[in-house]
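Subject: Handover of a structure

Dear colleague,

Please find below the structure that I am handing over to you.

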Amino acid sequence: MVIFLDKLRKALCNICDVMELVMALFVVIGIVIATIAIIPAVEEFWNTRMDKGSLIKFLDIVFMVVIGIEFLKMLCKPSAVNIIEALVFVSARHLIMQSPNAIDTLLFIIGICILFVFQKFMEEKKSDENSILKKIREMLRNSDKKIDIKDE
C-alpha cells in the first residue's frame with residue numbers, strides 16, 4: 001500500500017511539473033504577444049508624448065511585460081530571489097500606476113525595502129553555505145593525504 005502511494009505521489013508530482021511547463025509556455029506566448037504590442041504603443045507614446053498621462057500609459061504596458069517575464073522566471077526557476085524580484089516589480093508597478101496617498105507610498109517603500117533586505121539575507125545565507133561547502137571540500141582533499149597515526 002505504501003509503495004502504491006509513493007508511486008501515485010511521484011506520478012502526481014510529474015503531472016504537476018508538466019502542467020507547470022505548459023503554463024510557462026502559455027506565459028511565453030503571452031509575453032511575446034505583449035512585447036509585439038509595445039511597438040504601436042511606442043509610436044502612440046511618441047505622438048502623444050506631451051499629453052498628460054501618456055507616459056503612465058506607456059509604462060503600464062512595459063511593466064506588464066516585465067512582470068510577465070519575472071513571473072516566467074519564477075515558474076521556471078522557483079527560488080526566493082525570483083519571487084522577491086517579481087514582488088518588487090509588482091509593488092513598483094502598483095506604486096507608479098495607482099498614485100496612492102502618502103501613507104500607501106510609505107508602506108510600499110517600506111515593503112520594497114524589506115524585500116531587498118530579505119533578498120540580501122538569502123544571498124548571504126547562500127554564500128555562507130558555499131563557504132561551508134568549500135571548507136568541507138578542502139577537508140576532504142586534505143584527508144586524502146596519508147595520515148600517520150601514532151599509538152600512545
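At 53% relative accessibility, I114 counts as exposed, where exposed means over 50% relative accessible area, buried under 20% and partly exposed in between, with a 1.4 Å probe and protein chains only. I114 lies in helix α4, residues 102-143. Between I114 and I84 there are 30 residues in sequence and 10.0 Å in space, C-alpha to C-alpha.

Some notes on the source are needed before the rest. This is a predicted model, in which local features need pLDDT of at least 70 and side-chain atom pairs count only at pLDDT 80 or more, while totals for chains, interfaces and linings use all residues. Residues are numbered from 1 along each chain as its sequence is written, and side-chain values use heavy atoms, with hydrogens and water left out.

The chain as a whole

The chain contains 4 helices and 0 strands, and its pattern along the sequence is α-α-α-α. Helices (H or I, at least four residues) and strands (E, at least two) are DSSP runs, numbered from the N terminus. Of the 152 residues in the chain, 16% count as buried. Among contacts with a separation of 6 or more, 59% are between residues 24 or more positions apart; contact means heavy atoms within 4.5 Å.

Helices α1 and α2

Helix α1 (residues 2-47) packs with helix α2 (residues 54-76) at an angle of about 160°, their axes being 9 Å apart. Axes are lines fitted to C-alpha atoms, for helices over the stretch in contact, and angles run from 0 to 180 degrees between N-to-C directions. The angle makes α1 roughly antiparallel to α2; angles over 145 degrees count as roughly antiparallel, under 35 as roughly parallel, 65 to 115 as roughly perpendicular and the rest as oblique. The residues that meet include V27, I31 and I38 in α1, and F58, V65 and L72 in α2. By class, this contact of α1 with α2 has 20 nonpolar, 3 polar and 1 charged residues. Here Ala, Val, Leu, Ile, Met, Phe, Trp, Tyr, Cys and Pro count as nonpolar, Asp, Glu, Lys and Arg as charged, and the others, Gly among them, as polar.

Helix α2 has 23 residues and reaches 34 Å from its first C-alpha to its last, close to the 33 Å expected at 1.5 Å a residue. The expected span is 1.5 Å times one less than the number of residues. The buried residues of α2, including F63, I67 and L75, pack against α1 and α3.

Helices α2 and α3

The axes of α2 and α3 come within 9 Å and cross at roughly 165°. That makes α2 roughly antiparallel to α3. In this contact, residues of α2 including F63, I67 and E70 meet residues of α3 including A86, F89 and R93. The contact of α2 with α3 divides into 14 nonpolar, 1 polar and 5 charged residues.

Helix α3 has 19 residues and reaches 26 Å from its first C-alpha to its last, close to the 27 Å expected at 1.5 Å a residue. Among its buried residues are I84, V88 and S91. S91 has a relative accessibility of 16% and therefore counts as buried. Leaving aside neighbours within four places in sequence, S91 is in contact with F108 and I112.

Yours sincerely
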